[in-house]
Amino acid sequence: MGKINLHESVGNEQHRTISVITEDRPGRGQNSPIIEEKIWKKIQYFSFFELLKDIFLPAGYPHTVSKDYINYQIWDTVQAFASGLSGALAARAVLEGVGVGDQTASVLGATITWLLKDGTGMVGRITFAWWKGTSLDSDCKRWRLYADIFNDLSFMVDLLAPFFKPHTLPIFCFSSLLRSIVGVAGGATRMALTQHQSIANNMADVSAKDGSQETLVNLAALICNLIIVHLVQDRQLSWILFFLFVLGHLYANYRAVKVVVMSSLNETRFRLLYDEYLAHHQIGSLDAINAAEPVLLPARRRLRITYRMTNEALSKHDQLASSLRLFNNEDFCIITPGRNRVVVLLRNHSSVSVQLKALFFLEYLEAQMTPLEQIDEKVNLAFPEFYEKLQRSEWNLSFALFNMGDVRYDWKIENTHRL
């Protein structure tokens with residue numbers, strides 16, 4: 001007789017142990033395996049919960065997703081449920097606005113209204129993607145929250161439509177325009193967050209399971225909506241319920257983006273790191289910096305920074321030449337053509353460390369507003385230690401989200417001699 005223990009684990013977590021006993025039994029030949037009955041009971045006990053986990057959570061959870069995954073998904077589920085409830089009230093208002101239930105309304109008029117509404121949304125999606133596309137990566141938390149604010153605002157506009165029936169067309173077009181921003185910003189930032197959560201090259205699985213969770217939540221909201229729409233006919237009560245749902249939706253969204261802990265640097269997180277380093281001479285942790293990052297309103301900056309050459313900078317010949325000479329050995333150049341106006345030029349193939357040093361220089365410049373030559377000396381002394389500590393920290397420096405554009409430059413100082 002022998003006994004074999006089979007240990008099952010996922011990541012660092014041991015799930016169960018299965019004991020296989022081999023013994024000689026008449027009629028079954030030698031070494032016929034028998035699995036202990038109590039082990040099978042244990043397997044059956046876990047099977048239902050593991051099935052739910054397999055359906056709604058990424059494979060290998062929690063070892064294949066970021067540590068903030070479950071906290072974000074909980075609040076995201078709450079906000080999706082609240083949004084589904086408020087959306088049903090708005091949908092009823094839209095149907096009333098296009099003439100459903102109104103015997104004087106024409107099918108042609110309702111069709112034209114609907115087509116113009118959709119057309120406005122299509123134009124809005126293209127325009128917004130062109131205008132703010134690059135900011136959705138660098139400020140994905142803020143735009144994730146903004147998307148849901150615009151979503152609730154569009155619902156509110158829809159609810160106002162029955163009160164202004166002669167003007168339903170511009171009202172629905174404006175609502176569709178708001179919803180187009182929601183579609184672009186919400187979809188893009190959701191993908192950015194999915195990429196952040198997928199730490200095991202499992203972005204497709206994380207995205208698919210997020211879709212399953214959202215579908216389940218929408219199904220639950222649909223069941224509730226069937227009851228609400230049937231019971232709630234009074235417009236005043238509809239508005240009260242709508243604002244309650246909106247408050248819950250916005251609060252859940254705010255909590256959702258606040259629990260996200262990004263390991264990459266954008267300009268806001270870098271400024272918080274710089275302030276922490278200046279105050280305590282140490283690099284702030286991921287949790288502390290992400291918790292302090294503002295997600296509703298961006299931090300104000302006194303300097304107006306442009307990451308490409310401007311006509312004003314070109315017109316200041318002496319200042320431009322002086323800056324190019326000062327930064328001749330650097331991979332960036334900073335020009336100050338006017339009061340609180342700064343032009344930053346990056347060389348071709350500038351690395352993350354170059355961008356970090358340029359931002360480090362800008363923070364010094366904004367705080368002191370002294371000549372560039374003096375700031376350059378201080379930065380060259382302070383930045384190497386800062387960057388060394390940053391490299392040893394838990395921050396991911398393989399890429400950065402500083403939104404510095406894609407225009408790059410090269411410059412070379414040549415000595416000329418008169419003959």
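Trainee: What sits over the ring of W131, and how is such a contact defined?

Mentor: A charge sits over a ring if NZ of Lys or CZ of Arg is within 6 Å of the ring centre and within 35 degrees of the ring normal. Here the charged end of K132 is over the ring of W131, 5.0 Å from its centre. R347 does likewise with W411: its charged end is 3.9 Å from the ring centre. Keep in mind that this is a predicted model, where local features need pLDDT of at least 70 and side-chain atom pairs count only at pLDDT 80 or more, while totals for chains, interfaces and linings use all residues. Residues are numbered from 1 along each chain as its sequence is written, and side-chain values use heavy atoms, with hydrogens and water left out.

Trainee: How many aromatic pairs are there in the whole structure?

Mentor: Rings of Phe, Tyr and Trp (its six-membered ring) pair if their centres lie within 6.5 Å; planes under 30 degrees apart are stacked, over 60 edge-to-face, and the rest tilted. The search finds 21 aromatic pairs. One of them is F327 with F332, a tilted pair with 5.4 Å centre to centre and 45° between the planes.

Trainee: Are F327 and F332 buried or exposed?

Mentor: Buried means under 20% relative accessible area, exposed means over 50%, and partly exposed lies in between (1.4 Å probe, protein chains only). Both F327 and F332 are buried. Elsewhere, one aromatic cluster is formed by F270, Y274, Y277, F360, Y364, F383, F386, Y387 and F402.

Trainee: Which residues make the nonpolar surface patch?

Mentor: Patches are made of residues with over 30% relative accessible area and no salt bridge; like charges are joined within 9 Å, and nonpolar side chains (Val, Leu, Ile, Met, Phe, Trp, Tyr) within 5 Å. The areas come from the Shrake-Rupley method with a 1.4 Å probe, and for residues only the protein chains shown count as cover. In this model, L216, L219, L222, I223, L226, I227 and L231 make a patch of about 720 Å². I223 is found in helix α7, residues 203–231, and I223 is partly exposed at 49% relative accessible area. Helices (H or I, at least four residues) and strands (E, at least two) are DSSP runs, numbered from the N terminus.

Trainee: How many salt bridges are there, and which residue meets D210 in one?

Mentor: A salt bridge is a side-chain nitrogen of Lys or Arg within 4 Å of a carboxyl oxygen of Asp or Glu. By this rule the count is 21. D210 meets R190 in one of them, at 3.3 Å from N to O. D210 lies in helix α7 and R190 in helix α6, so this pair ties together parts 20 residues apart in sequence. D210 is buried, with a relative accessible area of 9%, and R190 is buried at 10%.

Trainee: Where do E267 and R301 lie?

Mentor: Their side chains meet in a salt bridge of 2.8 Å, N to O. E267 is in helix α9 (residues 267–280), and R301 is in the loop between α10 (286–292) and β5 (304–306), so the pair links distant parts of the chain, 34 residues apart. E267 is partly exposed at 24% relative accessibility, whereas R301 counts as buried at 19%. A network of salt bridges links E267, R271, R301, E363 and E366.

Trainee: What is the omega of the cis peptide bond that joins Y61 and P62?

Mentor: Most residues other than glycine have a negative phi, and most peptide bonds are trans. The bond joining Y61 and P62 is cis, with omega about 5°. P62 lies in the loop between α1 (37–56) and α2 (69–97).

Trainee: Where is N201, and what is its phi?

Mentor: N201 is not a glycine, yet it has a positive phi of about 55°. N201 is in the loop between α6 (168–197) and α7, and is exposed, with a relative accessible area of 83%. N403 also has a positive phi, near 55°. N403 is found in the segment after β8 (400–401) and is partly exposed at 36%.

Trainee: How many disulfides does the search find?

Mentor: A disulfide is a pair of cysteine sulfur atoms within 2.5 Å. The search of the whole structure finds 0. C140 counts as buried at 5% relative accessibility, and C224 is partly exposed at 28%.
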